[in-house]
Every structure is written in C-alpha cells, then in structure tokens.
Amino acid sequence: MGIDVNSMKPLDNLCHPVSVIKEAEVLAADAFGSKHAFFMVNGTTSAVQAMVMSACKKGEKIIMPRNVHRSAINALIISGAIPVYVNPGVNKELGIPLGMSYESVKQAILENPDAKAVLVNNPTYYGICSPLKKITELAHAHHMLVLVDEAHGTHFYFHEELPQSAMSVGADMAAVSMHKTGGSLTQSSFLLINNQVKEGYVRQIINLTQTTSGSYLLMSSLDISRKNLALNGKEIFDRVIELTRYAREEINKLGGYYAFGKELVNGDTVFDFDVTKLSVHTRAIGLAGIEVYDILRDDYTIQIEFGDIGNILAIVSVGDKDFAIERLISSLSEIKRLYSKDKAGMLDHEYINPLVAMTPQEAFYTSKHSVPLENSRGKICSEFVMCYPPGIPILAPGEYITQEILDYINYAKEKGCFLTGTEDREVARINIVTEYEGSGEEE
Ligand SMILES: Cc1ncc(COP(=O)(O)O)c(C=O)c1O
C-alpha cells in the first residue's frame with residue numbers, strides 16, 4: 001500500500017514526464033535500443049492503439065494481417081483508419097495462421113500506395129515471425145511507417161539466438177508486452193519509437209485515452225523488470241531456451257503430439273520461430289487443444305497459457321523449475337493414454353479468411369440489431385466474436401457471417417473455448433448491421 005501513490009510533484013507525472021519517469025524512460029529506451037520508450041499502464045492494448053492512432057487519421061489506410069489481436073482492430077474503430085488486410089499464410093497440417101509473406105505485403109503496398117503504415121505481428125501467439133526486416137525496408141521505400149505488435153516478443157531484445165526485434169531492424173514503433181515475457185506486473189507495457197516518429201505527438205495520442213493516475217506499482221515493476229532484463233536477460237533466456245528445447249524434444253517422443261519448432265521456418269511466412277513458445281499440436285490424439293488445457297488444469301493442476309481448436313501453448317519462464325517441465329511432459333503422456341480418441345470429425349483450422357463488407361468503424365457505429373446466431377448467416381457483423389485467449393477475432397465488425405464461421409463458433413463453444421466480444425454475454429445472439437427497415441430477420 002505504501003508505494004501505491006499518485007502523481008505528487010517529486011514523483012513526476014506519467015502524462016508529462018520531466019524528472020524520475022523521464023529518467024526511467026531513457027533507461028528503457030537504452031535497454032531496447034529505441035529512440036524513446038513510453039511507460040504504458042493500460043496494457044499493450046493501449047500501446048497498439050497509440051501506434052495506429054499516431055500513424056493514421058480517419059480515412060487513412062493501414063496494411064495489416066487479419067490475424068491481429070482485437071486491440072489493433074479496436075484502434076480502427078476508434079480512429080476511423082481503414083484496414084487493408086493481408087491474409088496470413090496458413091499451415092494446413094496444424095491449421096494455424098502464419099506470418100505475412102513478403103510478396104503479399106508487396107502487393108498490398110503496390111495496390112495501396114496511399115497507405116500510411118504497415119502493421120506486423122512479431123511474433124504471433126504461436127511464435128511465428130514474418131520477414132520483418134524486408135517488410136520494413138519495403139515499407140520505408142514507399143514512405144510508410146512500420147508498426148510492430150510485439151506483445152509476445154519482449155524477450156527478443158535480450159538474447160541473440162531469438163528472432164530479430166522490431167527496433168533492431170529499423171521499424172518505427174513497437175508495442176512490447178513487458179508483462180507477458182518480461183516479468184513486470186500484469187497490464188504494464190512499453191511503447192517504443194524510432195526514426196522520425198515524434199515523441200511529443202505520440203505522447204499526446206497516448207494521453208487521449210490513458211489514465212491521468214498512472215499506477216506507480218505498474219511503473220515501478222516496468223522499471224525493475226527493465227533493469228533485470230538489461231542485466232540478466234541473456235542468462236534468463238539461456239535457461240528458458242534450454243527448458244523449452246528439452247520439453248519440445250521429450251513431448252515429440254511421446255508420439256501423437258507435435259511440439260513444433262524451427263523446422264517450420266521457410267524463409268517467408270515462417271521467417272523465424274520463437275523457440276521459447278512451447279506450442280503443441282494435439283488434434284492427432286483426437287483432443288482439441290482446449291480440452292487438453294482443461295484436463296491439465298483440472299486433473300493435473302498445471303495452468304498453461306491457452307488451448308484452442310488444435311493446439312495448446314505453454315509459455316515457459318525462468319521461474320519454471322525442471323520438475324515442473326517434467327510434470328508437464330508426464331501429464332501429457334498420461335492424458336494421451338487415458339483420453340486419446342479418433343480424430344474423425346474434428347475441426348482442423350484456427351483461422352478463416354474474412355469477407356469484408358464495411359470498415360470496422362462504419363459497421364460498429366451504424367444502425368444495428370441483435371439476432372440469434374443461427375439466424376445471422378449472410379449478414380454483416382457489427383461486433384467482435386473471438387476466443388480469449390488468443391483474442392484474434394473470428395469475426396470483426398464489418399465482416400460477413402458465413403456458415404463456415406458459424407460452424408467454427410459452435411465447435412469452439414462445444415469444446416469449451418471462452419468466447420467473448422458480443423454484447424450478449426452468452427454469445428447466443430449477435431449484432432448485425434441493419435440492412436433496411438423490416439428486413440425480416442427473426443428477432
Ligand atoms: C498480439 C497481442 N497484441 C496485443 C495484446 C494486448 O495486450 P494487453 O492484454 O496487455 O492489453 C495481446 C494480448 O493478449 C496480444 O496477444
């Protein structure tokens with residue numbers, strides 16, 4: 001309680017740092033190799049939104065993969081920026097979305113020379129990286145900014161064997177979730193800027209939505225974690241890399257599971273892979289990832305990061321002891337023995353390319369009404385539907401609701417995924433864009 005203070009004069013002010021927060025920002029920028037670092041206390045969500053809103057005004061275009069986190073599409077609803085979606089590559093066997101290919105970004109840039117920025121995930125939740133350096137060079141050659149969602153890439157800055165970080169390849173802005181793999185308290189994050197991006201303007205954008213009562217608990221935890229990573233990062237991630245390497249090898253020896261890794265690298269849509277992400281494909285044993293996730297938690301008291309349709313993801317940290325990894329491996333072995341079944345009839349993909357009818361802002365604010373999900377086929381969605389985690393929208397405002405999407409939602413519900421985004425808490429109804437008076441949709 002003693003350190004949960006507010007912005008009195010000697011403690012500086014997050015909205016306008018001039019003393020101790022400013023000094024801490026300089027140290028953070030130094031640790032991440034950026035021109036400036038902002039302390040963010042409204043999550044990486046606000047860092048992603050500040051990037052988009054700094055780069056694009058209403059009506060301006062931004063090129064981005066569609067497998068972004070909801071915060072990026074939310075930023076479009078707030079700002080009125082227009083997305084030019086690049087469909088990510090897809091690994092058919094695993095059913096997961098990959099990174100953006102260089103050629104598809106190039107095509108989007110050539111077809112939309114007026115776009116202001118390109119947004120890249122580095123890496124995806126599953127640990128997959130796009131060819132960020134080449135994309136950055138290409139975007140800069142066309143006078144576009146490069147914004148990087150590095151919610152899952154904090155550690156890239158502190159170990160040379162990990163994929164390249166946004167700042168190291170010359171990207172302009174990066175949203176870095178210190179609270180995910182950097183060890184700070186939940187909700188704390190950094191926004192990094194580089195090159196010609198103006199610190200003062202970005203701060204004004206951040207201040208449009210960020211609290212005026214920045215938490216000193218969160219800010220201190222960011223500062224302490226920054227110091228820890230700057231001094232001990234190499235050693236910390238040496239250990240994490242070793243733990244995950246061992247776990248991956250042992251899980252693959254169990255058979256049935258596939259803990260994927262660097263062998264996926266193809267120089268393009270999987271330009272690199274973050275080996276600290278222990279992503280395991282589970283469909284071959286007849287269990288959805290979310291089912292394995294639930295069994296691990298309920299029967300083995302092992303809490304992992306997430307489970308979706310075909311995969312689980314465990315994020316290993318320096319805090320994990322060897323025996324915890326052994327327990328995870330032996331539990332997965334037992335789960336396979338006790339629960340595996342025929343995989344016939346299981347859904348085999350995590351991602352469906354959207355059919356876009358309207359911009360997210362238009363669709364969100366237009367006249368809309370609620371219908372039961374089963375009556376929504378062919379309509380334009382005006383809200384989000386997603387499993388959380390990972391928080392990548394299955395549907396975003398402005399997209400057509402297809403039968404394939406409805407089947408996916410029903411399957412995810414049936415398997416126990418936590419669905420979010422709709423005004424209706426049960427996710428039994430969905431808001432759709434009203435086409436015309438009395439359009440006949442069943443209420
Ligand atoms: C890729 C990605 N970007 C942004 C965010 C938002 O981060 P936060 O939850 O800190 O707001 C997340 C959260 O899971 C994420 O996965």
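Tutor: Helices (H or I, at least four residues) and strands (E, at least two) are DSSP runs, numbered from the N terminus. Glu 235 lies in one such run, helix H8, which covers residues 216–254. The model is a predicted one, in which local features need pLDDT of at least 70, side-chain atom pairs count only at pLDDT 80 or more, and totals for chains, interfaces and linings use all residues. Residues are numbered from 1 along each chain as its sequence is written.

Student: Is Glu 235 buried or exposed?

Tutor: A residue is buried if 20 or more other C-beta atoms lie within 10 Å of its own, exposed if 12 or fewer, and partly exposed in between, with C-beta atoms placed from the backbone. Glu 235 is exposed, because 11 other C-beta atoms lie within 10 Å. Its C-alpha atom is 28 Å from that of Ala 47, a residue 188 positions away in sequence. Of the 443 residues of the protein, 51% count as buried.

Student: What is the mean pLDDT of the protein?

Tutor: pLDDT is the predictor's confidence in each residue, from 0 to 100. The mean for the protein is 95, and 98% of its residues reach 70 or more. Residues 439–443 have pLDDT below 50, and this stretch has seven contacts in the model beyond near neighbours in sequence; a contact means that two C-beta atoms, placed from the backbone, lie within 7 Å. Where pLDDT is low, the predicted coordinates should not be read in detail.

Student: How many helices and strands does the protein have?

Tutor: The secondary structure comprises 12 helices and 20 strands. The radius of gyration, taken over C-alpha atoms, is compared with a globule rule of 2.2 Å times the number of residues to the power 0.38. For this protein the radius is 22 Å, close to the 22 Å that the rule gives for 443 residues, so the protein is as compact as a globular protein of that length. Among contacts with a separation of 6 or more, 70% are between residues 24 or more positions apart.

Student: Which domains does the assignment give?

Tutor: Domain bounds come from an automatic or database domain assignment. Here the assignment gives domain 1 (17–229), domain 2 (234–339) and domain 3 (360–433). The centres of domain 1 and domain 2, taken over C-alpha atoms, are 26 Å apart. In the contact between them, 25 residues of domain 1 meet 21 residues of domain 2.

Student: Which residues come nearest to the ligand?

Tutor: A residue is near a molecule if its C-beta atom, placed from the backbone, lies within 6 Å of it. Of the 15 residues around the ligand, Gly 43, Thr 44, Thr 45, His 69 and Ala 151 come nearest. Helix H2 (residues 43–55) supplies the largest share of the shell, four residues.

Student: What is the phi of Asp 12?

Tutor: Phi of Asp 12 is near 70°, a positive value in a residue other than glycine. Asp 12 is in the segment before helix H1 (20–32) and is buried, because 21 other C-beta atoms lie within 10 Å.
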